[in-house]
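Let's take a friendly walk through a protein model together. Keep the picture in view as you read, and try to find each residue as it comes up.

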Amino acid sequence: MSTPTLFDPERPATPAVAGPSRPYVIELPARLTLMNSNQRLNKYDRAELTRRIRAAAKDAVEECPSLLVRDAVRPAPVFPRAHILGVLHPHTTGRRDPANWYPSFKAAIDGLVDAGLFEDDDHTRVLGPDMRLGARRARDQIVLVVRALGPGEDPLGYGAVTR
């Protein structure tokens, strides 16, 4: 008997709103050492791991031909707005809290900014990362699923909320 799940990270949900919604899957290398919030790293080790994850994410984007629409003639970001689903694929079975790997997800998203996918990763341009647990793999791996958001598109329904 399989365990019921509310979300299948292997197949991102189709958006309810029509528009530019094709998801782009960006896989970071499986050999990459990841950081989690429970580690007590000194600032030099943390900075080095952050640099490596950030560079790996930038390289992964540059190796994806469908995302290489940015050039010297058109320096605008690829996505004016987007939703990011962050999937952690662990190397062992067992219980995990994918949100503990936030330092790795944050460094990877900064790499997407470095690659030119976003002008910045602030709240006006990026929704997420929504972190989920994926299927077991041979080595720990982070996968980012990026979906463009159309003008005014609010997949969480917060647009109707007034303050």
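## About the model

This is a predicted model, in which local features need pLDDT of at least 70 and side-chain atom pairs count only at pLDDT 80 or more, while totals for chains, interfaces and linings use all residues. Residues are numbered from 1 along each chain as its sequence is written, and side-chain values use heavy atoms, with hydrogens and water left out.

## The overall fold

The protein chain contains 2 helices and 4 strands. Here, helices (H or I, at least four residues) and strands (E, at least two) are DSSP runs, numbered from the N terminus.

How much of the chain is buried? Of its 163 residues, 36% count as buried. Buried means under 20% relative accessible area, exposed means over 50%, and partly exposed lies in between (1.4 Å probe, protein chains only). The accessible surface of the protein chain is about 10200 Å², and 53% of that belongs to carbon and sulfur atoms. These areas come from the Shrake-Rupley method with a 1.4 Å probe; for residues, only the protein chains shown count as cover.

Contacts (heavy atoms within 4.5 Å) tell us about the fold too. Among contacts in the protein chain with a separation of 6 or more, 82% are between residues 24 or more positions apart.

## The nonpolar core

A nonpolar core is a set of buried Ala, Val, Leu, Ile, Met, Phe, Trp, Tyr and Cys residues joined through side-chain atoms within 4.5 Å. The largest one in this model has 32 residues, and Leu112 and Phe118 have the most contacts inside it. At least two residues of this core come from each of strand E1 (23-27), helix H1 (43-62), strand E2 (82-89), helix H2 (102-114), strand E3 (126-133) and E4.

Which residues does Phe118 contact, leaving aside neighbours within four places in sequence? They are Pro77, Phe79, Ala82, Ile84, Leu112, Val113, Val126 and Val146.

## Salt bridges

A salt bridge is a side-chain nitrogen of Lys or Arg within 4 Å of a carboxyl oxygen of Asp or Glu. The structure holds 10 of these salt bridges. One of them joins the side chains of Arg52 and Glu48, at 2.9 Å from N to O. Both residues lie in helix H1, 4 residues apart, or about one turn of the helix. Arg52 counts as partly exposed because its relative accessibility is 42%, and Glu48 is also partly exposed, at 29%.

Asp114 and Arg54 form another salt bridge, with their closest N and O atoms 2.6 Å apart. Asp114 lies in helix H2 and Arg54 in helix H1, so this pair ties together parts that are 60 residues apart in sequence.

## A closer look at Ser104

Ser104 is found in helix H2. Is Ser104 buried or exposed? Ser104 counts as buried because its relative accessibility is 0%. A polar atom of the Ser104 side chain lies 2.6 Å from the backbone nitrogen of Met35. Not counting residues up to four places away in sequence, Ser104 touches Leu34, Met35, Ile53 and Ile142.

Where is Arg125? Arg125 sits in the loop between H2 and E3. With a relative accessible area of 21%, Arg125 is partly exposed. Arg125 touches Pro80, Arg81, Ala82, Glu119 and Asp120, again leaving out residues up to four places away in sequence. The C-alpha atoms of Arg125 and Ala148 are separated by 9.9 Å, and these residues are 23 apart along the chain.

Glu153 belongs to the segment after strand E4 (141-148). At 6% relative accessibility, Glu153 is counted as buried. Glu153 and Ala82 are 71 residues apart along the chain, and their C-alpha atoms are separated by 9.7 Å.

Note on methods. A polar contact is a pair of N or O atoms within 3.5 Å; within protein, one must be able to donate a hydrogen and the other to accept it, and residues adjacent in sequence count only if both atoms are side-chain atoms.
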